[in-house]
Amino acid sequence: MWNVSETIANLSTLFELQPGDLIFTGTPEGVGAVQAGQIMLASIDGLSPITVKVA
């Protein structure tokens, strides 16, 4: 497991990160895996929510 700084450092070697980019890292302990057809919703105060349907 990486902390926030390590996550950003590692990802920035693979992608050009820009201000405002979001990094989704997974689920907290105890949460089950998502299944095909489920819909995930992510939101941050002040920004429009993002909806993703799992394929």
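The following legends describe an overall view and several close-up views of a predicted protein model.

Residues are numbered from 1 along each chain as its sequence is written. Because the model is predicted, local features need pLDDT of at least 70 and side-chain atom pairs count only at pLDDT 80 or more, while totals for chains, interfaces and linings use all residues; side-chain values use heavy atoms, with hydrogens and water left out.

**View 1. Overall fold and dimensions of the protein.** One helix and two strands are present, and they follow the pattern α-β-β along the sequence. Helices (H or I, at least four residues) and strands (E, at least two) are DSSP runs, numbered from the N terminus. The C-alpha trace spans about 30 × 30 × 20 Å along its principal axes. The radius of gyration of the protein is 14 Å, whereas a compact globule of 55 residues would have a value near 10 Å. This radius is taken over C-alpha atoms, and the globule rule is 2.2 Å times the number of residues to the power 0.38.

View 2. Of the 55 residues, 5% count as buried. Buried means under 20% relative accessible area, exposed over 50%, and partly exposed in between (1.4 Å probe, protein chains only). The protein exposes about 5100 Å², of which carbon and sulfur atoms supply 59%; accessible areas come from the Shrake-Rupley method with a 1.4 Å probe, and for residues only the protein chains shown count as cover. Among contacts (heavy atoms within 4.5 Å) between residues at least 6 apart in sequence, 3% join residues at least 24 apart.

**View 3. Thr7 and Ser5 in helix H1.** Thr7 lies in helix H1, residues 4-12, and Ser5 also has its place in helix H1. Thr7 is buried because its relative accessible area is 14%. Leaving aside residues up to four places away in sequence, Thr7 touches Trp2, Ile23 and Thr25. Ser5 is exposed, since its relative accessible area is 58%. Ser5 and Gly30 are 25 residues apart in sequence and 24 Å apart in space, C-alpha to C-alpha.

**View 4. A nonpolar surface patch that includes Val52.** Leu22, Phe24, Val34, Met40, Ile44, Leu47, Ile50 and Val52 make a nonpolar surface patch of about 710 Å². Patches are made of residues with over 30% relative accessible area and no salt bridge; like charges are joined within 9 Å, and nonpolar side chains (Val, Leu, Ile, Met, Phe, Trp, Tyr) within 5 Å. A salt bridge is a side-chain nitrogen of Lys or Arg within 4 Å of a carboxyl oxygen of Asp or Glu. Val52 is in strand E2, residues 50-53, and is partly exposed, with a relative accessible area of 39%.
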